[in-house]
Amino acid sequence: MAIERVKDYFKKYGIEDRIQEFDVSSATVKLAAAALHCEPQRIAKSLSFMVEGRAVLVVTAGDVKIDNPKYKARFGTKAKMLSPDEAEALIGHAVGGVCPFAVNEGVEVYLDESLKRFETVFPACGSGNSAIELTIPELEKYSGYVEWIDVSRLD
């Protein structure tokens, strides 16, 4: 199970006990915000795309959408999200629990500028009923991100 992979990953840093698991679903921004009692925009959603034959993750704030012209300018291709089956196979996490931690080898993680307005954000932890609160520097450290990008617009 992917949440176990994420727990093992965070164990290396001694923060696995910060993972929160819920009795309710947190598989969407709205559900996660309700489970965490926080604003939807503070949910760090991980979106999976195919770029030149490789899987990439773009982590954005919960209140933004991908801006297609910005995305195309950055990646040189149209935004094509992975199907749920592709996401699980290529990223290593099922839709609803996709996160930038303990991903499959070769997956590149990008952090969207929309996250920078928050002190802390809540990404999922590999399951549709989990999350962890991280500061932006912690998100940078634990996600192994490639770079900050600006490919979103307010919803």
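This is a predicted model: local features need pLDDT of at least 70, side-chain atom pairs count only at pLDDT 80 or more; totals for chains, interfaces and linings use all residues.
Residues are numbered from 1 along each chain as its sequence is written. Local features need pLDDT of at least 70 and side-chain atom pairs count only at pLDDT 80 or more, while totals for chains, interfaces and linings use all residues, and side-chain values use heavy atoms, with hydrogens and water left out.

Stay in helix α1 (residues 2-11) and select K7 and E4, which are three residues apart, or about one helical turn; their salt bridge has its closest N and O atoms 3.9 Å apart, and E4, K7 and E21 are linked in a network of such bridges. Next, select R18 and E138, whose side chains meet in a salt bridge at 2.9 Å, N to O. Because R18 lies in the loop between α1 and β1 (20-21) and E138 in helix α5 (residues 136-143), the pair ties together parts that are 120 residues apart in sequence.

Now move to the rings of F49 and Y71, whose centres are 4.9 Å apart and whose planes meet at 45°, so the pair is tilted; rings of Phe, Tyr and Trp (its six-membered ring) pair if their centres lie within 6.5 Å, with planes under 30 degrees apart counted as stacked, over 60 as edge-to-face and the rest as tilted. F49 lies in strand β2 and Y71 in helix α3 (residues 68-75), and both are buried, meaning under 20% relative accessible area, against over 50% for exposed and partly exposed in between (1.4 Å probe, protein chains only). Elsewhere, Y9, F10, Y13, F101 and Y142 form one aromatic cluster.

Finally, select K116 and W148: K116 lies over the face of W148, at 4.6 Å from the ring centre, where the rule asks for NZ of Lys or CZ of Arg within 6 Å of the ring centre and within 35 degrees of the ring normal. By that rule R74 likewise lies over the face of F75, at 4.9 Å from the ring centre.

Terms used
Helices (H or I, at least four residues) and strands (E, at least two) are DSSP runs, numbered from the N terminus. A salt bridge is a side-chain nitrogen of Lys or Arg within 4 Å of a carboxyl oxygen of Asp or Glu.
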